[in-house]
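User: Hi! I would like to walk through this model with you, one question at a time.

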Amino acid sequence: MTPPASGKASAVDTLGGGPRRRRPRVGRRGRAAPLPLLVPALIGLVFLVLPLVALLIRAPWHSMPDLLTSTEVWQALRLSLVCATAATAVSLVLGVPLAWLLARVEFPGRGLVRALVTLPLVLPPVVGGVALLMALGRNGVVGKWLDSWFGVTLPFTTTGVVIAEAFVAMPFLVISVEGTLRAADPRYEEAATTLGASRFTAFRRVTLPLIAPGIAAGAVLAWARALGEFGATITFAGNFPGRTQTMPLAVYLALQNDPEAAIALSLVLLAVSIAVLAGLRDRWMTTR
Amino acid sequence: MMQVAGGGAAALLALTACSSSDDDSAGTSDPSGSASASGKLSGEVTVFAAASLKESFETLGREFEKAHPGTKVTFSFGGSDALAASITGGAPADVFASASPKTMKIVTDAGDNAGEPATFVRNQLEIATLPGNPDKVASLKDLTDADLKVVLCDKTVPCGAAAEKALTASKLKLTPVSYEEDVKSALNKVVLKEADAALVYKTDVRAAGDKVEGVEFPESADAINDYPITLLKESKNTDTAKAFIALVQSAEGQKVLTSAGFLKP
């Protein structure tokens, strides 16, 4: 029985160009691609790349230095990077064990739990933000107690941003890691446990190194998703410069009265995303 | 065979009956809407309107559709600045009603209007507090209390600009917990009890009913917003769009707007 590895495969393809499948390539069957495939493929490519090219074409290059050295931009960028990284850390700490649970432990209703975990993937982020308010807001189901017992309120705080981002980003990590776990051979773990290791030791010493690439892929996906998060953040954490105003919020609000600044901010975000994806991809491929 | 033919005849009859009754209803509705004399109105109009106009414009839209069967008024409510940006960006709209001359100017500067914008109502700020006003907010100055979570509209939005004007005029420094993207999201932070107070319009306080409590403050007189409305150049249905603007400006329209708390222009 071959376990399904779709989650992993997609994550790998997105980021690493499928490093595992190094098969003999084009040269051997160098016939031209059939038109019914080639034409939509090229249209698809243009569709994805054109908006980004347009951003570059319309960029106000002469005023870029001024726009990019303003403190608001750096504030928003720093906040975005810090929050996305923190959200990824939260996703790792909670998401990897969750993925392990889904992949390795048989329990009734596992399919339902998996569906619930992936729900934030398809849920509009604004809905996620409203849901978070209902749960963790000052008057929320749980937030009410946080407030009255510990005096902790999460909306309008940087912690609120991290929570909103982790909420939408963690499913990416869970799906990716679970796919990797299912593809990894459980016999190594079983061998470790028969040799006397506890299940946790086996997870830590055998499973974790085995699935490290999947975790890395998931973490990158989650980080990228957190960096771009807008809807849940503005709904749950509000918008205040330096505290909850991340780059996407700054871009959105700048677009209202200063489109040039919005383009400049977008380019910064684009550059950061490309740099991180490219950097991690290289490292990741050499570890293979 | 006969049966089929009979059925066909019945269908034909039904069709003619239908169309004649259609004519009838149009004929009877025309005199009632005779203000816009120039023939029968039809088709769809898209109205981009400031978030604060939501309740009143939805009422007026329903009245309009009832008075002119065959028309349909579609609204897009949002921050005036966001709406202005999408209009200059080419969004298909027939009418734009904004909450400040400044956001209207974005559209007129881009030449996207047809005809001069006209002020149709004015609106004044009010403090929205939690029901029963548990924090005993009585003045604008009370909002500067550091323990109070206050939300304002972002400065790019008319309600935010007005709030800033009122605060500057009274030399108060207020640090909110959030600058919201439009007046309704500022209001809703209080409705959801996430914030203790918000600076919103009188009309929003009234529309929220008993979910918030309004506190008037004298400084709001320094920051009254004019609401301009205009026909847009891209309008594909100018007659119907003009008729809707006429309804907004008519005595009937003004009645709906003032009962929502708007001030006469």
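Predicted model: local features only at pLDDT ≥ 70, side-chain atom pairs only at ≥ 80, totals over all residues.

User: What is the order of the strands in the open sheet of chain B?

Analyst: Residues are numbered from 1 along each chain as its sequence is written, chains are lettered from A and ligands numbered from 1 in the order in which they are written, and side-chain values use heavy atoms, leaving out hydrogens and water. Strands (E, at least two residues) and helices (H or I, at least four) are DSSP runs numbered from the N terminus, and two strands pair if DSSP finds at least two bridges between them. With mixed pairing, the five strands of chain B's open sheet have the order 7-6-8-5-9.

User: At what angle does helix 5 of chain B run to strand 6 of chain B?

Analyst: Helix 5 of chain B lies across strand 5, strand 6 and strand 8 (197-201); contact means heavy atoms within 4.5 Å. Axes are lines fitted to C-alpha atoms, for helices over the stretch in contact, and angles run from 0 to 180 degrees between N-to-C directions. To strand 6 of chain B, helix 5 runs at about 115°.

User: Why is the disulfide of B:Cys153 and B:Cys159 left-handed?

Analyst: A disulfide is a pair of cysteine sulfur atoms within 2.5 Å, and here the S to S distance is 1.9 Å. A search of the whole structure finds one disulfide over all chains. This one is left-handed because the torsion about its S-S bond is about -105°.

User: Is B:Lys171 buried or exposed?

Analyst: B:Lys171 has a positive phi of about 55° although it is not a glycine, and its place is in the loop between helix 5 (158-169) and strand 7 (178-180) of chain B. Buried means under 20% relative accessible area, exposed over 50%, and partly exposed in between (1.4 Å probe, protein chains only). With a relative accessible area of 75%, B:Lys171 is exposed.
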